[in-house]
Amino acid sequence: MKVDRTKLKKTPTEAPADCRALIEKLKACGDEQLLAELQQIKTWNIGKCELYHWVDLLDRFDGILAEAGRPVENMSWMLACDRPEREQLKALLLALLNFTALLIEYSFSRHLYSSIEHLTTLLASSDMQVVLAVLNLLYVFSKRSNYITRLGSDKRSPLLSRLQHLAESWGGKENGFGLAECCRDLHMLKYPPSATTLHFEFYAEPGVEVKVDKRATSTTLHYIHIEQLDKISESPSEIMESLTKMYSIPKDKQMLLFTHIRLAHGFSNHKKRLQAVQARLHAISILVYSNALQESANSILYNGLIEELVDVLQITDKQLMDIKAASLRTLTSIVHLERTPKLSSIIDCTGTASYHGFLPVLVRNCIQAMIDPSMEPYPHQFATALFSFLYHLASYDAGGEALVSCGMMEALLKVIKFLGDEQDQITFVTRAVRVVDLITNLDMAAFQSHSGLSIFIYRLEHEVDLCRRECPFVIKPKVQRPPAATLPEGEEMETDMEVTDVAMESSPGPSSETRQDPAPPANAAAVPSTSTAAASSPRGGVQCIPQRAALLKSMLNFLKKAIQDPAFSDGIRHVMDGSLPTSLKHIISNAEYYGPSLFLLGAFAALLPAGQRPHRRHAPRSPHQRRTGYSRGFRFVTQRFQRSLSQCSGSAILRSVPTLRAPLQGAALPRLPARHATTTQFRPPRRHSLQPGQRRGRADAAPTHPKDRRHHRHHQAFRGDLQLGPGSQIHLPETIDAKSRRDGGGPPSSLPPRCRRSFERG
C-alpha cells in the first residue's frame with residue numbers, strides 16, 4: 001500500500017542537491033523513460049538522505065508493484081508480470097526492485113517503506129528472476145535494519161512462511177542433492193528421479209456442500225503424485241491452478257505446494273536450477289538476519305550445510321560467480337547467527353588458519369586480480385561478499401587469530417595501497433580497512449612490518465585530494481605574530497616560517513610537504529587548480545559520496561586508535577610532519593561537505609598527536625617539526641569552532657559542535673607549548689591542581705615511559721601545569737625552584753636544555 005502521509009513527520013534535514021535533482025528527474029518520467037533511467041543506475045552515486053524525501057516516488061513504485069502482482073482474471077495463481085505479453089511490465093518491475101534495493105541501502109528511516117505486502121505476493125511468481133529481485137531487496141532490509149522483525153504479525157507471518165518454503169532442504173548431499181552437484185550442468189540421469197517428481201501429502205478440507213465429521217476429515221490423508229513434472233508444457237502457475245480445482249488443498253498448504261511445483265518443473269533446466277539454488281541461499285540468509293529460525297533452525301541449517309557451501313565455492317566454473325557470492329553471504333549470516341558453535345567448523349572447512357588454505361588463497365587471488373590491470377577482476381558482487389565474510393570472521397577472536405595465522409595483513413594492505421578511483425574499488429578498500437582494524441587488535445607486528453601506518457596516511461591524503469575537486473575550501477587561520485622584541489632571534493625566524501607555511505597550506509591544491517609515505521603510482525590523478533575565489537568559502541549543497549565517506553570514517557577511526565597505541569609511540573611523533581595535517585585541515589574546514597561524524601573524527605585525530613610528547617632519548621626536533629607537531633591541530637580546530645558558531649547557525653555542524661566541546665574541556669586534552677599560546681583563542685584547562693609549596697606524589701608523577709622518570713618529572717612540571725591563554729605568560733609552580741626564581745637567579749641546573757630555554761623566556 002502507499003505510504004500513510006498522516007503519520008509522517010517532516011524531517012528537519014534537507015535532501016542533498018544531487019538527490020533532489022534525481023527525485024525530480026524520475027518524477028517527471030513516463031513509464032518508458034523511467035525504465036531507461038532506472039536501468040542506468042547500477043551504483044549509488046549521490047548522498048544519503050531520509051526516505052521521507054522519496055515518498056512521492058515510493059507511492060508510484062507501489063502502484064507498479066500492485067499492478068505486477070495482480071492476478072490474471074479467472075486465474076488466481078497467474079500474476080500479471082508472468083504473462084508473456086507483459087514483458088515491458090516485467091522489465092520495469094525488475095529495474096524498480098534493483099533501484100529500491102540501492103535506495104534502501106543508502107537511506108535512513110527505512111520504516112517508511114509500505115509495500116511489503118506486494119513483495120510477499122511477488123514471491124509467488126513463476127519467473128525466478130522476479131523472485132530473486134524481491135529476495136535481493138528483502139536481503140538489504142534484513143541485513144541493514146530490523147525492518148522485517150518490526151513488521152506486524154499480519155504482514156510478517158506470510159512473508160516468513162514463504163521464505164521458509166524457499167529455504168527448506170532438498171534432501172542433502174547424502175541423497176544426491178548437494179548444492180555443488182545441483183550447480184553443475186550434469187545429465188538428469190546423475191540426479192535422483194525424485195528431482196522432477198511432485199509428491200505432496202495433505203489433509204483435505206471438506207467442501208461447503210459436504211457435511212462430514214471434522215475429526216474424520218482430519219485423519220484422512222490425501223496425496224498428489226506426478227512424475228516427470230518437467231515434461232509438462234504448462235507453466236507452474238497453470239499446473240497449480242489445475243490442482244487447486246481438482247483437490248481441496250488447505251489454504252496454508254497451497255504456497256508450499258506451489259514452491260514444490262516450481263522447483264520440480266524447472267529442475268531439469270540448468271539455468272532455472274541455478275536460480276532455485278540462489279533463491280534458496282538468499283532465503284536462508286534473510287531468515288537468519290531476521291531471527292526467524294527458532295523453530296526450523298535444525299531443518300534449514302542442517303549438519304553438512306557448511307561443507308556444501310564450501311563445495312560450491314570450490315567449483316572452478318566462472319559462470320557460477322553469482323552462486324558463489326550467495327554462498328559467501330550465507331556463510332556470513334551463519335557466522336553472524338551461530339558465532340562460536342559454527343565458527344570453528346567454518347574455519348576448518350575453509351582452511352582459514354593456513355597460509356595455503358582455500359580461503360586465504362582465494363582472497364589473495366581476488367586481490368591480485370583487483371590491482372593487476374593485466375588480469376580479469378572478479379565480479380563486484382562476489383568480491384563484495386568475500387570481503388564482507390572476512391569482516392564478520394575477524395569480528396570474533398577465533399576468526400581474527402585464523403586470519404593472523406594465514407598472513408592476511410599483507411594482502412589487505414595491498415588493497416588499501418592501490419589507488420583506484422572507481423567507486424566499486426572504494427567499497428573494497430573500506431572493508432579491507434575494517435578487517436585490518438579488527439585483526440590489529442590481536443597482532444600489530446605484521447601491520448608495522450609492512451609500513452601500514454604510512455599506507456593509511458597516504459590513502460587518506462589521496463581520498464581527500466579527490467574531494468578537493470568538489471570542495472576546495474580550507475580555513476585560513478588568523479595567526480597573531482608576537483612582537484619581535486620579546487623573542488630571541490631564532491624564535492623570530494621560526495614565527496616567520498610558521499606564517500608562511502600556513503599561507504601555503506590553505507591553498508586548495510594537494511599537499512606539497514615532504515612525506516615519508518610510499519611513492520604514488522603512475523595512475524594517481526592530480527587535483528586541478530582552483531581559483532582563489534572558489535576556495536574562499538565552502539561550497540554548499542554538495543556532500544561527499546557515501547562510499548568515500550564510509551572509507552574516510554573507517555580510516556580515521558583506525559588512526560585514532562593507532563595514534564594512542566603504545567606500539568607506535570616511537571614513530572607517531574613524525575606523523576604530523578607528513579601529509580596528515582593537510583588532510584585533516586580539509587575535513588575540519590568542510591564539515592558540511594563531510595558531515596558531522598567525519599568532522600568530529602578529524603578534530604580528534606588532529607588533537608591526539610599533540611599528546612604524544614617527545615622524550616629525551618630522541619634527537620631534538622627541528623623548528624618545522626616543533627611547529628607542526630602542536631599548533632596545527634589546535635589552530636584549525638578552534639578556527640573551525642569559531643566559524644561554526646558565527647556563520648553556520650542552524651546547520652548540522654552547529655549541532656555537532658557541543659558534542660566535541662565537552663571532551664575538549666575535559667582533563668585529557670593535550671597541552672600546547674608556551675610559544676603557541678598566542679596562535680589560538682582557546683584556553684585549555686589545567687590538568688593538575690598543584691598548590692605552591694606542594695610536591696607531586698610518586699603515583700601522580702608516573703611517567704608514560706618508565707626509563708625517563710627523571711626527565712618526565714621536569715617535563716610534567718613545565719608542560720602539565722602551564723596556564724595558556726591569548727598573550728599570557730608561563731606561570732611556573734614554585735615547587736621547581738621557588739627560591740631561585742624569587743631571587744632573580746638562573747634556571748635550576750637539573751633542568752633539560754629545552755626546559756631551561758622556556759624558563760629564560762618565562
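Predicted model: local features only at pLDDT ≥ 70, side-chain atom pairs only at ≥ 80, totals over all residues.

Trainee: How many disulfides does the structure hold?

Mentor: A disulfide is a covalent bond between the sulfur atoms of two cysteines. For the structure, the number of disulfides is zero.

Trainee: Is Cys471 buried or exposed?

Mentor: A residue counts as buried under 20% relative accessible area. Cys29, with a relative accessible area of 11%, is buried by that rule. Cys471 has 1% relative accessibility, so its class is buried.

Trainee: Which share of the residues of the protein counts as buried?

Mentor: The secondary structure comes to 33 helices and six strands. The protein exposes about 35300 Å², with carbon and sulfur atoms supplying 51% of that area. Of its 762 residues, the share that counts as buried is 52%.

Trainee: Which residues have the most contacts inside the largest nonpolar core?

Mentor: In soluble globular proteins, nonpolar side chains tend to be buried together. The largest nonpolar core here has 176 residues. A second, separate core has 18 residues, including Ala124, Phe202, Leu243 and Ile261. Inside the largest core, the residues with the most contacts are Trp54, Tyr113, Leu138, Leu163, Phe447 and Phe456.

Trainee: Which residues does Phe456 touch, not counting those up to four places away in sequence?

Mentor: Phe456 is among the residues with the most contacts inside the largest nonpolar core. Once residues up to four places away in sequence are left out, Phe456 touches Leu413, Ile416, Val433, Val436, Phe447, Met555, Phe558 and Leu559.
In the protein, 75% of the contacts with a separation of 6 or more are between residues 24 or more positions apart. Among the residues that Phe456 touches, one that also has the most contacts inside the largest core is Phe447.

Trainee: What separates the C-alpha atoms of Leu97 and Val134?

Mentor: Leu97 has its place in helix 4, residues 87–105, and counts as buried at 1% relative accessibility. Leaving aside residues up to four places away in sequence, Leu97 touches Leu65, Leu119, Val130, Ala133, Val134 and Leu137. Leu97 and Val134 are 37 residues apart along the chain, and their C-alpha atoms are separated by 6.6 Å.

Trainee: How many residues apart in sequence are the parts that the pair of Tyr139 and Tyr289 ties together?

Mentor: The count of aromatic pairs comes to 21. Tyr139 and Tyr289 form an edge-to-face pair, with 6.0 Å centre to centre and 70 degrees between the planes. Tyr139 lies in helix 6 (residues 128–144) and Tyr289 in helix 12 (residues 270–289), so the pair ties together parts whose separation in sequence is 150 residues.

Trainee: Which residues does Gln547 touch, not counting those up to four places away in sequence?

Mentor: Gln547 is found in helix 25, residues 546–563, and counts as buried at 6% relative accessibility. One aromatic cluster is formed by Trp44, Trp54, Phe61, Phe99 and Tyr106. Not counting residues up to four places away in sequence, Gln547 touches Trp44, Tyr106, Gln423, Ile426, Thr427 and Thr430.

Note on methods: Residues numbered from 1 in each chain as written. Heavy atoms only, no water. Disulfide = S-S within 2.5 Å. Buried < 20%, exposed > 50% of the residue type's maximum accessible area, 1.4 Å probe, protein only. Core = buried A, V, L, I, M, F, W, Y, C linked by side-chain atoms within 4.5 Å. Contact = heavy atoms within 4.5 Å. Helix = DSSP H or I, 4+ residues; strand = E, 2+ residues; numbered from the N terminus. Areas by Shrake-Rupley, 256 points an atom, 1.4 Å probe, with all protein chains shown as cover. Phe/Tyr/Trp six-rings, centres within 6.5 Å; stacked < 30°, edge-to-face > 60°.
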